4 protein chains.
Amino acid sequence: MSSDNILDRMMASAKLSKKETAKQQRILQSAIALFAEKGYANTSTSEIAKRSGVAEGTIFRHYGTKENLLLAVIVPFLKESLPVMAQEVFEEVHPEKQAGFEHFLRAMFLNRLRFFRENKEIFRVVVKEFVYRDELRNELMPHINRDIVVYMFRAIDYFKAKGDLPELSNERLLKLVFPFVFGRFVLRFVLASEEPPGSDEEEADFVVGFIMRGIGGLRS
Amino acid sequence: MSSDNILDRMMASAKLSKKETAKQQRILQSAIALFAEKGYANTSTSEIAKRSGVAEGTIFRHYGTKENLLLAVIVPFLKESLPVMAQEVFEEVHPEKQAGFEHFLRAMFLNRLRFFRENKEIFRVVVKEFVYRDELRNELMPHINRDIVVYMFRAIDYFKAKGDLPELSNERLLKLVFPFVFGRFVLRFVLASEEPPGSDEEEADFVVGFIMRGIGGLRS
Amino acid sequence: MSSDNILDRMMASAKLSKKETAKQQRILQSAIALFAEKGYANTSTSEIAKRSGVAEGTIFRHYGTKENLLLAVIVPFLKESLPVMAQEVFEEVHPEKQAGFEHFLRAMFLNRLRFFRENKEIFRVVVKEFVYRDELRNELMPHINRDIVVYMFRAIDYFKAKGDLPELSNERLLKLVFPFVFGRFVLRFVLASEEPPGSDEEEADFVVGFIMRGIGGLRS
Amino acid sequence: MSSDNILDRMMASAKLSKKETAKQQRILQSAIALFAEKGYANTSTSEIAKRSGVAEGTIFRHYGTKENLLLAVIVPFLKESLPVMAQEVFEEVHPEKQAGFEHFLRAMFLNRLRFFRENKEIFRVVVKEFVYRDELRNELMPHINRDIVVYMFRAIDYFKAKGDLPELSNERLLKLVFPFVFGRFVLRFVLASEEPPGSDEEEADFVVGFIMRGIGGLRS
DNA sequence: CATGAATGAGCATTCATTCAT
DNA sequence: TATGAATGAATGCTCATTCAT
């Protein structure tokens, strides 16, 4: 009896999409490309159909609603982005064996940089709609926060215990670092027309260095 | 056959808007409120007319196009935001008499924080449409960049000459600091439903401190 | 705070239709003709628009919904049919000065026969939709019953007091006579393609005679 | 090139329906229930398929058209209703051995009352579509008339010869009695949400008594 | 025989824009 | 100058029907 109807619909529709036919794939690809370029509100279902080489009715047979099609694009991406965003990295990186928070941060930054690059178009869709539509944001934000926060707090606590991090409150630390990093991803993959020069590793060094120095003198 | 037809129209219409009638004021206010809330694409001109207590035809008599109405909202804001963003602050702050870059940054941060808070709704409209519509961004971005860059480089050069800043390339410095600060504004005024606690000065100290430490060790 | 939302909408929309423009008249006429012929469900708004010589959008500007257009057809007819159906006749007929119930019945029969003939097409629409759509019937029936019953009971009581009618319960009497008469109207104006021969007066004599003899021997 | 193409199709399809598979039975049942409730026009084939637990294609494999499915519902009912309506009753009732027309009428009324109650849902479908769709009515009416008229006239003539009936024209007598009785069935099974109280025999006495007294004084 | 994915014409409705008053 | 009725193209969506498997 929880309040998350969007999330519920997300899960429901996600379950149905076990085997995607070739046509569904094409529909999704076209939708992603068009939503990414012009935004959901400025894309018509007939455009999507034309680009997919599919009848317009076919879209509705599979997704029922234009809104549902958007969810079919966003949801799997979000479900792979959110918990994973820290969990997977956390494990992959074997924090115990890491030199410290700096290494963890660097690994995570590189991991997400590549993930978002790999899914650049969906990332665009998600960011655009997330900024554009207050209700979507209001409904999703709590869940997103929770999923990220849980895992990140675990990591932060671990490194605090190791004496690797200043005694800043977890929340403040996260609200400082996360938007900074995420903002750079948005800039790079959503707003910029092309990626800036320089290797991923250089970028990682630059960003992580900035953050580490920046939080160096912090007290809560 | 110049490339900036939007900008041209922007400037032209901006000049015309010297004397706005009461009705135009009401139209603009309603448009801003609705665009901010639901986005340009999801707002109908009839809604704007109803909220303004004005006939729908009146909107078109004044602005000709819905798109033009959007520009009439965005342009003046942009024109007051951009060059001023550095120039005015630069002067207001009397850099020569300042202790250094840190003071300049702090003053500028506070100045814009208050300006965007004062114009929160228009800020929302601009950010939303800027993120949502690639063509708008592509056409405006160069002008925005130019206006900001010119003034900011002047300031950066001044403080570099004073030995107040590391020998990082102007561009890299700007691309580090500007998105960081601007991202926090977006988070606070566009994405969050309410402003976080804490005084403006505390926030300024926090942000400026982080940046100053962060850029402390940089080399280009 | 009563439950009659259809009736409420009926009244609301009826109030708005104070001055009907020429175009609204044409739209209504076309809608009536088409609804009468093919039924509401089998008539498209584009058909109505074409027949009215009006753009499809114009229909929605005036009536908002196809359903509302149906109500705009039905409601005024119902409002003029129902209470009047007995009240007006009751007065027009001056029951005190009539020879008795037989005269009253005859006057009423003729009055309604002519009214329905005059509004044959709307009558068709109302009957068809009333039979076809359970929810419409369920929502309207109580109100219709009330309006008719109140006035008819008054008349019946009056004639009972005069000794003109057997001591059958009002309800049973009404449920015998009303469907019989109304059924003949439906047959004549809705189901038959053309009216049967014979003058109205002959038909009235026939029907009233049948009823009077039929109820002659009744006991409750 | 005869005029009764619907009837032809009716007969043809009726012959084919000798052996109905279980699936066809389920399809027909679902169609009847849905048509009865919401009307043919407001029922989709996919709804019928879902309710039948059958693929949508299966419906079209068996009936070819949605319209044909409707006929497959209506036709057998009509074929059992019409001639039987008088013939079977006529025989079952052994008119020769009856006390007279009153008994015949009473037996017939009871017979049909029970038949329509038994097939209430199909009766609803038939009445609704018959009222709603002029072309269906126009095509079927002559045949219905013929089937009923032939048998009824035979009965009427018989009772006239016995001196049991006034010398009213057969047609006028039928057009008086038939709609009256049929109208009560429609009221009871189609329009009312539940049947009125009272036993079938009481109702029969009431109706037949009314008719007998009513036609008592008739002259053509 | 049965399926259900695919179709595409058709539908009610919306909305930016025009124009006579 | 302001109005608001009128427009018609475009939109999201439905649904009877087809057909390859």
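This is a predicted model: local features need pLDDT of at least 70, side-chain atom pairs count only at pLDDT 80 or more; totals for chains, interfaces and linings use all residues.
**Notebook: copies, axes and crossing helices**

I started at the rotation axis of chain D: Gly214(D) is the residue of that chain that comes closest to it, with its C-alpha at 2.2 Å.

**Entry 1: chains C and D**

Next I looked up how chain D gets onto chain C. A turn of 179 degrees with a shift of 0.0 Å along the axis does it, and the RMSD is 0.3 Å. The two copies are thus related as by a two-fold rotation axis. I also checked whether they use one surface or two for the contact. The same surface serves both, as 100% of the contact residues of chain D recur in chain C.

**Entry 2: chains A and B**

I moved on to the other pair. Chain B superposes on chain A by a rotation of 179 degrees, with 0.1 Å of shift along the axis and an RMSD of 0.3 Å. Which C-alpha of chain B is nearest the axis? I found Gly214(B), at 2.2 Å from it. Of the interface residues of chain B, 97% are also interface residues in chain A, so these copies meet through the same surface.

**Entry 3: H7 and H9 in chain D**

Then I went inside chain D and picked two helices, H7 (residues 120-132) and H9 (residues 170-191). Their axes come within 10 Å and cross at roughly 115 degrees. H7(D) and H9(D) are therefore roughly perpendicular to each other, since angles of 65 to 115 degrees count as that. I noted the hand of the crossing as well: H7(D) passes H9(D) left-handed.

Which residues of H7(D) and H9(D) meet? On the H7(D) side I listed Lys120(D), Phe123(D), Arg124(D) and Val127(D). On the H9(D) side they meet Phe182(D), Phe185(D), Val186(D), Phe189(D) and Val190(D). Sorted by class, this contact of H7(D) with H9(D) has seven nonpolar residues, two charged and no polar ones.

**Entry 4: H7 and H9 in chain C**

I repeated the search in chain C. Here H7 (residues 120-132) and H9 (residues 170-191) have axes that come within 10 Å and cross at roughly 115 degrees. So H7(C) and H9(C) are roughly perpendicular to each other, and H7(C) passes H9(C) in a left-handed crossing. H7(C) brings Lys120(C), Phe123(C), Arg124(C) and Val127(C) to the contact. H9(C) brings Phe182(C), Phe185(C), Val186(C), Phe189(C) and Val190(C). I get seven nonpolar, two charged and no polar residues for H7(C) with H9(C).

**Entry 5: H8 and H9 in chain A**

In chain A I looked at H8 (residues 120-132) and H9 (residues 134-161), which pack at about 115 degrees with their axes 6 Å apart. That makes H8(A) roughly perpendicular to H9(A). From H8(A), the contact takes Glu129(A), Phe130(A), Val131(A) and Tyr132(A). From H9(A), it takes Asp134(A), Leu136(A), Arg137(A), Leu140(A), Met141(A) and Ile144(A). The classes for H8(A) with H9(A) come out as seven nonpolar, three charged and no polar.

**Entry 6: an annotated stretch of chain A**

Last, I checked the UniProt record. An unreviewed entry there places the feature "DNA-binding region" at residues 44-63 of chain A. How much of residues 44-63 of chain A is helix, and how much strand? I have 80% helix and 0% strand, and the end C-alpha atoms of the span lie 14 Å apart.

Conventions
Residues are numbered from 1 along each chain as its sequence is written. Chains are lettered from A and ligands numbered from 1 in the order in which they are written. Side-chain values use heavy atoms; hydrogens and water are left out. Axes are lines fitted to C-alpha atoms, for helices over the stretch in contact, and angles run from 0 to 180 degrees between N-to-C directions. Helices (H or I, at least four residues) and strands (E, at least two) are DSSP runs, numbered from the N terminus. Angles under 35 degrees count as roughly parallel, over 145 as roughly antiparallel, 65 to 115 as roughly perpendicular and the rest as oblique. A crossing is left-handed if the near helix is turned anticlockwise from the far one by less than a right angle, and right-handed if clockwise. Contact means heavy atoms within 4.5 Å. Ala, Val, Leu, Ile, Met, Phe, Trp, Tyr, Cys and Pro count as nonpolar, Asp, Glu, Lys and Arg as charged, and the others, Gly among them, as polar. Copies are superposed by least squares on the C-alpha atoms of residues with pLDDT of at least 70 in both. UniProt positions are given in the numbering used here, feature names are shortened, and annotations may be inferred rather than shown by experiment.
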